[in-house]
Amino acid sequence: MSRGGWAVAGHGVGWVLAVAVLLLGLAAALASRVGKAPHLARDSNAAARTGRPRRAGAVAFAALGWILVFATATATLAPMSRETIAGTAIGAPPELVPAGQPTTSAKPPAPDPMASLKPGDCVEVPIERARDAAGAPTWKAGTPEPSDCAAVDANYRVLQIGPDPCTDPLYTLDSAPKDKSGKARYHLCLTFDWRAGVCYDTTAMDAPSKVDCATRGEHIVQATAVLAPATSGASCPRDGRGAVWVIWRKLELTVCFRGGDNPGT
């Protein structure tokens, strides 16, 4: 369309330019005859009458010719793309990405199930055998995972969770996962999940475990009460065999057991 438009425009300009040249030629011819008229005329009055129309015609032809010349030059130099063509804009294909919008194939980090826990929820903490700096046997806590409080593997429960360090005196574990800068993302404050009516294997009293109450063994006990804060077993329930309890003074915790079970020995 544009190439054809330039061809048509060029053809029209040529005709206009030809007319302009013709008019300028006529003006020049009339002007030259005006200059010769006084010698050919028989008297001065006749010369004057003959010269005035020719001079006016020469001026008119010259003016019109120059107007056409200037118009042709303007049309030639002016851009030829002023025509408006009707149509419908075509959008970018969907696979193209606008400039300034870089994409990345990196997957967002998976949500942390521990971050959504709240006080009272239970977790499973694997307890592994280890040795301390002096080489004595000890226990090492593994990575906690959410668990149903009714499950025997749910050995700890949440006391606090948040950006601040643990403050509840009952906590025994502080799980604090770090971000890339090494700062703790949150503090998960845990305590062992002692519950009345639940049975425990207290072979290792510092690392007990929940068991089915049908389990037989010298150190299998059933909790009858959990007192906190308390550092005395005076309030523990008693039966015909009396009462047994264990006190953790630092935790301000007392756990009562069925009488005669002799836990931890």
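Which residue in E10 is the bridge partner of Tyr-200? That would be Val-221. Some notes on the rest follow.

1. Ground rules. This is a predicted model, where local features need pLDDT of at least 70 and side-chain atom pairs count only at pLDDT 80 or more, while totals for chains, interfaces and linings use all residues. Residues are numbered from 1 along each chain as its sequence is written, and side-chain values use heavy atoms, with hydrogens and water left out.

2. The five-stranded sheet. Strands here are DSSP runs of at least two residues, numbered from the N terminus, and two of them pair if DSSP finds at least two bridges between them. The sheet is open, pairs its strands antiparallel and runs in the order E9-E8-E10-E12-E11. E9 (209-211) and E11 (243-248) sit at the edges with a single partner strand each, so one side of each has no neighbour in the sheet. On average, neighbouring strands are turned by 45° against each other, direction ignored. Within this sheet, E8 (residues 199-201) and E10 (residues 220-227) are joined by three bridges.

3. Thr-254. You'll find this residue in strand E12 (residues 253-258). Thr-254 is buried, at a relative accessible area of 0% (buried means under 20%, exposed over 50%, partly exposed in between, with a 1.4 Å probe and protein chains only). A polar atom of the Thr-254 side chain lies 3.4 Å from the backbone nitrogen of Ser-232. Beyond its neighbours within four places in sequence, Thr-254 is in contact (heavy atoms within 4.5 Å) with residues including Leu-227, Cys-236 and Trp-245.

4. The disulfides. There are four of them, counting pairs of cysteine sulfur atoms within 2.5 Å. With bonded cysteines counted along the chain, the pattern is 1-2, 3-4, 5-6, 7-8.

5. Cys-199 and Cys-213. Their sulfur atoms are 2.0 Å apart, and the link is right-handed, with 105° about the S-S bond. Cys-199 is in strand E8 and Cys-213 in the loop between E9 and E10, so the bond ties together parts 14 residues apart in sequence. Cys-199 is buried at 5%, whereas Cys-213 is partly exposed at 40% relative accessibility.

6. Cys-236 and Cys-256. This disulfide has an S to S distance of 1.9 Å and is left-handed, at -70° about the S-S bond.

7. The E2-E3 hairpin. Five residues separate E2 and E3, and Gly-135 in the turn has a positive phi of about 90°. Glu-128 stands opposite Lys-140 in E3.

Conventions. Helices (H or I, at least four residues) and strands (E, at least two) are DSSP runs, numbered from the N terminus. A polar contact is a pair of N or O atoms within 3.5 Å; within protein, one must be able to donate a hydrogen and the other to accept it, and residues adjacent in sequence count only if both atoms are side-chain atoms. Axes are lines fitted to C-alpha atoms, for helices over the stretch in contact, and angles run from 0 to 180 degrees between N-to-C directions.
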